[in-house]
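The sequence and the model come first.

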Amino acid sequence: MVNIFSKILNLSRKKSPWILHYDTGGCNGCDIEILATLTPMYDVERFGIVEKGNPRHSDILIVTGAVTIKSKSRLKKIYDQMPNPKAVIAVGSCGITKGIFKDAYNVCGPIDKIIPVDMYVPGCPPKPEAIIDGVIKTISIWEKKFKD
Ligand code: SF4
């Protein structure tokens, strides 16, 4: 009974991955582009993707920013609260290399130093098309993490 339930649950999750977006400290340029992917012009929801505000309900975490010392523990907490299997996308040069904030006194990134990252979407900021491409590729990586 439990197996059938988990199979149905996994099938539903794969059909409609829910994403969570977290900014760890950047200029907000990447966040504006992520929001653009959710609006009718780019409409990422056509792939069954829905943005959620709760890590416990989210499958894929999209992270921007160079990770400030204050946001480090929050990023870890958000990641730990997400159900398995989960995937992480680092969006923008700041999240991937610390970018223009590399010498800032309050930065302790990049993101993959704090949590595991499955996909990198470079750019300052990346275009919505690149973000959508990164999300679609991440979904196939994430689907392979399911055991059934
Ligand atoms: S990568 Fe560029 S656009 Fe994105 S948060 Fe950093 S400085 Fe801003």
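One aromatic pair is present in the structure. Its members are Trp 142 and Phe 146: the ring centres lie 5.0 Å apart and the planes stand at 75°, so the pair is edge-to-face. Trp 142 is buried, with a relative accessible area of 0%. Phe 146 is also buried, with a value of 9%. The model is a predicted one, and the values here are computed from it.

Aromatic rings also take part in contacts with charged groups. The charged end of Lys 52 sits over the ring of Trp 18, at 4.5 Å from the ring centre. Likewise, Lys 86 places its charged end over the ring of Tyr 79, 4.3 Å from the centre.

Tyr 79 leads on to helix 3, which spans residues 69-81. Which residues of helix 3 are buried? They are Ser 71, Leu 75, Ile 78 and Tyr 79. Viewed down the helix axis, these buried residues fall within an arc of 95°, so they line one face of helix 3. The buried residues of helix 3 pack against strand 1 (18-23), strand 3 (60-64) and strand 4 (87-91). On the face turned away from the buried side, helix 3 carries the exposed residues Ile 69, Lys 70, Lys 77 and Asp 80.

Lys 76 belongs to helix 3 as well. Lys 76 is partly exposed, with a relative accessible area of 41%. Leaving aside residues up to four places away in sequence, Lys 76 touches Ile 114 and Ile 115. Between the C-alpha atoms of Lys 76 and Asp 59, which are 17 residues apart along the chain, the separation is 15 Å.

The table gives the exceptions described here.

| Site | Feature | Angle |
|---|---|---|
| Asn 84 and Pro 85 | cis peptide bond | omega about -10° |
| Gly 109 and Pro 110 | cis peptide bond | omega about 5° |
| Asn 28 | positive phi, not a glycine | phi about 80° |
| Lys 98 | positive phi, not a glycine | phi about 80° |

Where do these sites lie? Pro 85 is in the loop between helix 3 and strand 4. Pro 110 is in the loop between helix 4 and strand 5 (119-121), and Lys 98 lies in the loop between helix 4 and strand 5. Asn 28 is placed in the loop between strand 1 and helix 2. Asn 28 is partly exposed, with a relative accessible area of 39%. Lys 98 has a relative accessible area of 19%, so it counts as buried, for which the cut-off is under 20%.

Terms used: Residues are numbered from 1 along each chain as its sequence is written. This is a predicted model: local features need pLDDT of at least 70, side-chain atom pairs count only at pLDDT 80 or more; totals for chains, interfaces and linings use all residues. Side-chain values use heavy atoms; hydrogens and water are left out. Buried means under 20% relative accessible area, exposed over 50%, partly exposed in between (1.4 Å probe, protein chains only). Helices (H or I, at least four residues) and strands (E, at least two) are DSSP runs, numbered from the N terminus. The arc is that of the directions from the helix axis to the C-beta atoms. Contact means heavy atoms within 4.5 Å. Rings of Phe, Tyr and Trp (its six-membered ring) pair if their centres lie within 6.5 Å; planes under 30 degrees apart count as stacked, over 60 as edge-to-face and the rest as tilted. A charge sits over a ring if NZ of Lys or CZ of Arg is within 6 Å of the ring centre and within 35 degrees of the ring normal.
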